[in-house]
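Please walk through this structure with me, one part at a time. Keep the sequence and the 3D view at hand.

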Amino acid sequence: MVRPYRVRVLSSYIYSHDEHIPHRDMARDNRWFHGFTKSVLRRGSGLADFDIQFLRLPPPPSSFPDVVDRVLQDNAHLVICAGVDAVTRWAPVSDDIPTVYFGGHPENHGLDVLARPNVTGVRLNLPVIWSFENFSIIRDLLPGVREIFVPVSPLLSFAPSRANYRAFRRQRRDPWISGPSSFIGFRSLYFLADRLGCRYHEGPFADLDELASSLRVITPGTTTALVVFNDTVLLAGAVNVLLEIVRERGLALFWVNNWPIARAGGVADFSSDFEKAGGLLGEMAMKILRDSAPIDTIPFCEDPGERFGLNLRRCAELGITVRDEVRARFHAVQAIDGSRPPAVSLR
Amino acid sequence: MDRADILDRIRELAASTCPGLTAADIVESATFNTLGLDSVRLVELGVRLEQTFGERVIVDDWIDQEAARGDEGYTVGSLVSFIERSMT
């Protein structure tokens with residue numbers, strides 16, 4: 001393929017530096033692009049060989065005709081989708097343009113993109129719900145935890161769950177769906193909470209007001225845990241509302257795949273190793289672009305690893321004592337004074 | 001490694017990142033923006049610098065530091081100073 005390789009990155013999680021939101025640094029701290037760049041350099045290339053542009057998508061389920069037109073007019077050689085919401089919306093647009101992606105598939109939602117002839121990528125595991133060992137870290141940090149709350153954004157890109165939530169809303173006024181209701185979307189999360197000896201509650205909020213009111217009924221302190229995924233990030237303003245109430249009420253917040261938010265006011269984050277995922281994407285990109293390998297010869301990859309972050313300042317605010325062996329489960333630790341020691345593996 | 005050595009390595013790595021650049025362009029007062037290194041190219045330069053100088057040099061920390069300086073930030077000289085400090 002002739003250089004420069006035209007690569008378009010599609011994502012709902014692209015922010016400008018003047019947006020005052022903690023997850024503005026997602027790309028930096030997720031580090032997938034660092035991993036991608038390292039991988040490309042390791043293979044004797046460099047970004048000078050690429051014409052790479054980042055295109056922000058509107059929140060799902062919106063279509064994005066302007067972005068599609070641009071990708072097609074640019075005659076892109078490769079599309080990289082950062083996040084499952086991006087690839088599930090992009091994949092139906094083109095069967096021709098090779099597409100690689102990384103993202104998590106809770107309950108296998110969206111995994112049908114793999115049937116597309118032009119798509120491959122890296123599955124991320126949503127580490128906190130991938131194993132009971134990981135999920136149990138919540139109890140290691142909060143020995144008295146009795147209830148797990150999971151808010152779910154209206155912009156969750158998985159239609160079956162959205163339909164299920166609408167059905168619940170038609171019947172009930174409660175902000176939270178409590179297990180074992182059949183209206184629960186994340187069954188595996190319910191089972192994990194149940195095994196941990198906790199009651200499970202899932203809260204599909206419709207807007208920021210509903211998010212705020214549903215959070216305000218949660219008992220403050222360390223007998224409850226709030227576990228949040230990045231679908232909440234997709235609703236403008238939701239993260240700031242959530243962090244404000246978490247601080248105001250003294251709630252123990254855990255995030256999945258978003259260390260910048262956990263650092264801003266959560267107890268901990270459970271992320272995939274985005275740098276390694278980016279490295280795999282770089283390897284795939286070079287095979288497709290430089291070596292002209294057909295995309296259907298490039299195997300889909302499993303999650304390459306985990307990186308957990310612990311916010312000791314927030315732990316101190318909530319009176320959480322972190323035992324050494326629990327702290328050792330985390331790769332990045334924000335100290336009580338707010339400083340960030342170099343991110344090194346403590347395992 | 002003294003300041004001049006660090007500047008030489010930055011020149012070499014910046015030229016690899018952005019092939020149109022010459023050593024004469026890369027002076028301490030120049031900003032990376034005026035040299036044509038956008039945020040994407042800065043990631044590549046950062047990776048190359050970290051590979052060259054080792055894990056004590058965390059280029060993201062320099063980027064954070066320079067972001068606070070607004071238009072006056074991201075000079076070659078400030079990067080040299082940052083690496084110098086990080087190495088000692």
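**Where the two chains meet**

Between chain B and chain A there are 2 residue pairs in polar contact, both at pLDDT 80 or more. A polar contact is a pair of N or O atoms within 3.5 Å; within protein, one must be able to donate a hydrogen and the other to accept it, and residues adjacent in sequence count only if both atoms are side-chain atoms. On chain B, the elements that give two or more residues to the side touching chain A are helix H2 (39–53) and helix H3 (59–67). Helices (H or I, at least four residues) and strands (E, at least two) are DSSP runs, numbered from the N terminus. H2(B) gives the largest share of that side, 8 residues. By type, the residues on the side of chain B that touches chain A are 5 nonpolar, 2 polar and 6 charged. Here Ala, Val, Leu, Ile, Met, Phe, Trp, Tyr, Cys and Pro count as nonpolar, Asp, Glu, Lys and Arg as charged, and the others, Gly among them, as polar.

A word on the basis. This is a predicted model, in which local features need pLDDT of at least 70, side-chain atom pairs count only at pLDDT 80 or more, and totals for chains, interfaces and linings use all residues. Residues are numbered from 1 along each chain as its sequence is written, chains are lettered from A and ligands numbered from 1 in the order in which they are written, and side-chain values use heavy atoms, with hydrogens and water left out.

How many residues does each chain bring to the contact? Chain A brings 16 residues and chain B 13 residues. Contact means heavy atoms within 4.5 Å. The size of an interface is often given as the accessible area lost when the parts come together. Chain B and chain A bury about 1200 Å² between them, and carbon and sulfur atoms give 61% of this. Three residues, Val40(B), Val47(B) and Asp60(B), supply 39% of the area that chain B buries against chain A, more than any other three residues. Buried area is the accessible area (1.4 Å probe) that two parts lose on being put together, summed over both.

Arg31(A) and Asp60(B) form a salt bridge, with their closest N and O atoms 2.7 Å apart. The term stands for a side-chain nitrogen of Lys or Arg within 4 Å of a carboxyl oxygen of Asp or Glu. Asp60(B) counts as buried, at 7% relative accessibility. Buried means under 20% relative accessible area, exposed over 50%, partly exposed in between (1.4 Å probe, protein chains only). Arg31(A) lies in the loop between helix H1 (26–30) and H2 of chain A, and Asp60(B) in helix H3 of chain B, so the pair joins two chains.

Now follow chain A into its helix H2 (residues 32–42). Of its 11 residues, 9 are buried, so this helix is largely enclosed by the rest of the structure. Among the buried residues are Trp32(A), Phe33(A), Phe36(A) and Thr37(A). Thr37(A) has a relative accessible area of 1%. Which residues does Thr37(A) touch, not counting those up to four places away in sequence? They are Leu47(A), Val43(B), Glu44(B) and Val47(B). After H2(A) comes Gly44(A), with a positive phi near 80 degrees.

The whole structure holds 24 salt bridges over all chains. One of them joins the side chains of Arg8(A) and Asp74(A), at 2.9 Å from N to O. This pair links distant parts of the chain, 66 residues apart: Arg8(A) is in strand S1 (residues 5–11), and Asp74(A) is in the loop between helix H3 (65–73) and strand S3 (78–82) of chain A. Arg8(A) is buried at 1% relative accessibility, while Asp74(A) is partly exposed at 23%.

Chain B has 4 helices and 0 strands, in the pattern α-α-α-α along the sequence. Of its 88 residues, 47% count as buried. A salt bridge also forms between Arg3(B) and Glu84(B), with the closest N and O atoms 2.9 Å apart. Arg3(B) lies in helix H1 (residues 3–17) and Glu84(B) in helix H4 (residues 76–87) of chain B, so the pair ties together parts that are 81 residues apart in sequence.
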